[in-house]
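Thanks for asking me to look this one over. Please have the model open beside you as you read.

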Amino acid sequence: MTIPAKAEAPPPTVFVFEIDGQPILAFRAARQARELGKEHWLQDDLKRMMIGHRPLWNGKSPIRVRRAKPEEEVYYVDAKTENAAGDSPLVFLVRRDDQADAGSPVTRGSFPPRR
């Protein structure tokens, strides 16, 4: 009798938050995907962070969650590899104003930004 090889579990799915059709954040959170978008701390941060001198979120538009496209998943995995020391599961998919205005490079996907 042979013992069947143990199947490897597939990697967790990467999800993306979209606001007004713009992908904003990528993350892995299988069961908590929809609830994460309702967290007050995240909503407050999205209202404070700017892109093109406008808040990432206006407080009214729906924050939609969807599965990441293949290129977004690759970006997420690369960013998590770059930030292996960081424990945040969130990776920004947009260049925020605080990154564009800073003179020093910002580590891709860091949350909050690390210089």
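This is a predicted model: local features need pLDDT of at least 70, side-chain atom pairs count only at pLDDT 80 or more; totals for chains, interfaces and linings use all residues.

1. Residues are numbered from 1 along each chain as its sequence is written, and side-chain values use heavy atoms, with hydrogens and water left out.

2. An open antiparallel sheet is built from four strands in the order β5-β1-β2-β6 (strands are DSSP runs of E, at least two residues, and helices runs of H or I, at least four, numbered from the N terminus; strands pair if DSSP finds at least two bridges between them). Because β5 (63–67) and β6 (91–92) are edge strands with a single partner each, one side of each has no neighbour in the sheet.

3. Helix α2 (residues 40–48) packs on this sheet and touches β1 (15–19), β2 and β5 (contact: heavy atoms within 4.5 Å). Its direction makes about 140° with that of β2 (axes are lines fitted to C-alpha atoms, for helices over the stretch in contact; angles run from 0 to 180 degrees between N-to-C directions).

4. The whole structure holds four salt bridges (a side-chain nitrogen of Lys or Arg within 4 Å of a carboxyl oxygen of Asp or Glu). Within α2, R48 and D45 lie three residues apart and form one, at 2.4 Å between the closest N and O atoms.

5. R96 and D98 also meet in a salt bridge, at 3.2 Å from N to O.
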